[in-house]
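Q: I would like to learn how to read a model like this one. Can we take it feature by feature?

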Amino acid sequence: MTDIICNYTFEDINEQETGYFMLDSTVSLSQLSKFVTKNFCPGETVSLYIDGNLLSATKDLRKAIKGKDSIELVIHLDKPDLSNEEEEDITFGPATRSVLEKIGIEYSGISNAKELLNSLPGPFGNMIKKKLAFCIDKPSVAENHTRQIAKWFGVSGDTLWSEAQELLNQFSSVDDVYGEKVKTEKSKPIEKEKDTIAHPAQCDNCSTLIRGIRYKCVYCPDYDLCEGCEAVNCNVQFHPDS
């Protein structure tokens, strides 16, 4: 068993340290790595180089020190690559992305819930805004709708509701939903009443009391849908036309 003089250079982002230690010629790469991290950078990960060559296995170390009395070891502190994490779209959770993809809504490049809402096409977007404005201060209603949507699209209700709450928190008021101050002139009392009218019927899909427009099937004797379910039925049909 022979000891080798190991002259080392420890490279960190902000500093460089040099020195030496005695290296057992029979040491394995794993043992050397543990020794280095324990004494120079506890808890970190390092890459080791001898003569500019990366040591990937014990055989590389054996080859590099064979027949030598001293070696030049470079210890490079590895830093985690955060580039992929920064590029990953974390705006919408997996359940939300699954629903959006099944409906055919493009969400790449959208950074928040308000941008997504404004990107929805005409009538569909207006209907979603009405539903969102109605649920903004009614968490129990919002949860009911969210869990029903989860059933339609085969995703976890708990996961989708958890993600939906984070998105809903981006809207502090009805004004946020519409992107401007909602007009409340006395000249429009009929329109306000129309939005809140309740029908003596439940939606046959989500089982909630129907408010606003009530959709009736022309073929079935007793089948009604609320605005939200009818909009989804147009994209992902769950009730046949005949």
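Q: In which sense do E3 and E5 pair, and over how many bridges?

A: Start with the terms: strands (E, at least two residues) and helices (H or I, at least four) are DSSP runs numbered from the N terminus, and two strands pair if DSSP finds at least two bridges between them. Here E3 and E5 pair in the antiparallel sense over six bridges. The bridge partner of Tyr 49 in E5 is Val 74.

Q: What should I know about the model itself?

A: This is a predicted model, in which local features need pLDDT of at least 70 and side-chain atom pairs count only at pLDDT 80 or more, while totals for chains, interfaces and linings use all residues. Residues are numbered from 1 along each chain as its sequence is written, and side-chain values use heavy atoms, with hydrogens and water left out.

Q: How many helices and strands are there in the protein, and what share of its residues is buried?

A: The protein has 11 helices and nine strands. Buried means under 20% relative accessible area, exposed means over 50%, and partly exposed is in between (1.4 Å probe, protein chains only). Of the 242 residues, 35% are buried.

Q: What is the strand order in the open sheet of five strands?

A: The order is E2-E1-E5-E3-E4, and the pairing is mixed. E2 and E4 stand at the edges with a single partner strand each, so one side of each has no neighbour in the sheet.

Q: In which sense does E1 pair with E2, and in which sense with E5?

A: E1 (residues 3–11) pairs with E2 (residues 16–24) in the antiparallel sense over nine bridges; there, Asp 3 has Asp 24 in E2 as its bridge partner. With E5 (residues 70–78), E1 pairs in the parallel sense over seven bridges. Asn 7 stands opposite Glu 72 in E5, Phe 10 stands opposite Ile 75, and Glu 11 has His 76 as its bridge partner.

Q: Which side chains of E5 point to one face and are buried?

A: Side chains alternate along E5: Ile 71, Leu 73, Ile 75 and Leu 77 point to one face and are buried.

Q: Is Ala 64 buried or exposed?

A: Ala 64, in helix H2, is buried, with a relative accessible area of 13%. Apart from neighbours within four places in sequence, Ala 64 is in contact with Ile 50, Leu 55 and Ile 71.

Q: Is Gly 52 buried or exposed?

A: Gly 52 counts as exposed, at 62% relative accessibility. Gly 52 lies in the loop between E3 (45–50) and E4 (53–54). The C-alpha atoms of Gly 52 and Val 74 are separated by 8.0 Å, and these residues are 22 residues apart along the chain.

Q: At what angle do H4 and H8 pack?

A: Angles under 35 degrees count as roughly parallel, over 145 as roughly antiparallel, 65 to 115 as roughly perpendicular and the rest as oblique. H4 (residues 94–103) and H8 (residues 157–168) pack at about 90°, with their axes 8 Å apart. That makes H4 roughly perpendicular to H8.

Q: Which residues of H4 meet H8?

A: Pro 94, Ala 95, Thr 96 and Val 99 in H4 meet Thr 159, Leu 160, Glu 163 and Leu 167 in H8.

Q: Which residues of H4 are buried?

A: In H4 the buried residues are Ala 95, Thr 96, Ser 98, Val 99, Leu 100 and Ile 103. Just after H4, Gly 104 takes a positive phi of about 90°.

Conventions. Axes are lines fitted to C-alpha atoms, for helices over the stretch in contact, and angles run from 0 to 180 degrees between N-to-C directions. Contact means heavy atoms within 4.5 Å.
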